[in-house]
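Take a look at the chain below. Follow it from its start to its end, then turn to its inside.

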Amino acid sequence: MGTKELPTVGFLKPGAANIAGLTATKAAPAEAEEEKKPEKTVFELKLESYEAASKIKVIKEVRGFTDLGLKEAKDLVEKTPSIIKKGVSKEEGEQIIEKMKALGAKVIIE
């Protein structure tokens, strides 16, 4: 044939074709993934701390909104920080937080 040099042919590793297009396609699914996350509707209440003087009142209030007995509620309050209620709606959680705050306890919603 008379050619002394081999023709230059681009060889790519499998999966490395179109690098410029790859970055554009990776960004789009990340944006779509953020949009797919539903708003959280079920929360947990976590007792962070409480005033020592109001310990008995806090125990009574925990018993009021859970189905725990006296001993279980006392153990739960004493081992703070602990989750005191799971599966509550945002509205119900806010009501419980206000009641606990009035008693001198710090409760957060997760």
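What follows goes from the overall order of the chain to its core.

This is a predicted model, in which local features need pLDDT of at least 70, side-chain atom pairs count only at pLDDT 80 or more, and totals for chains, interfaces and linings use all residues. Residues are numbered from 1 along each chain as its sequence is written, and side-chain values use heavy atoms, without hydrogens and water.

The protein chain has four helices and three strands. Both are DSSP runs, numbered from the N terminus: helices are H or I with at least four residues, strands are E with at least two. From the N terminus on, their order is α-β-α-α-β-α-β.

Of the 110 residues, 21% count as buried (under 20% relative accessible area, 1.4 Å probe, protein chains only).

Now find helix H3, residues 70-78. Its buried residues are Ala73, Leu76 and Val77. They sit on the same side of H3, because they cover an arc of only 95 degrees around the axis, taken from the directions from the helix axis to the C-beta atoms. These buried residues pack against strand S1 (43-50), helix H2 (55-65) and strand S2 (82-88).

Next comes the largest nonpolar core, with 17 residues. Such a core is a set of buried Ala, Val, Leu, Ile, Met, Phe, Trp, Tyr and Cys residues joined through side-chain atoms within 4.5 Å. Val62 and Met100 are among the members that touch the most others. S1, H2, H3, S2, helix H4 (90-103) and strand S3 (105-109) each supply at least two residues. H2 gives the most, with four.

How values were computed:
Buried means under 20% relative accessible area, exposed over 50%, partly exposed in between (1.4 Å probe, protein chains only). Contact means heavy atoms within 4.5 Å.
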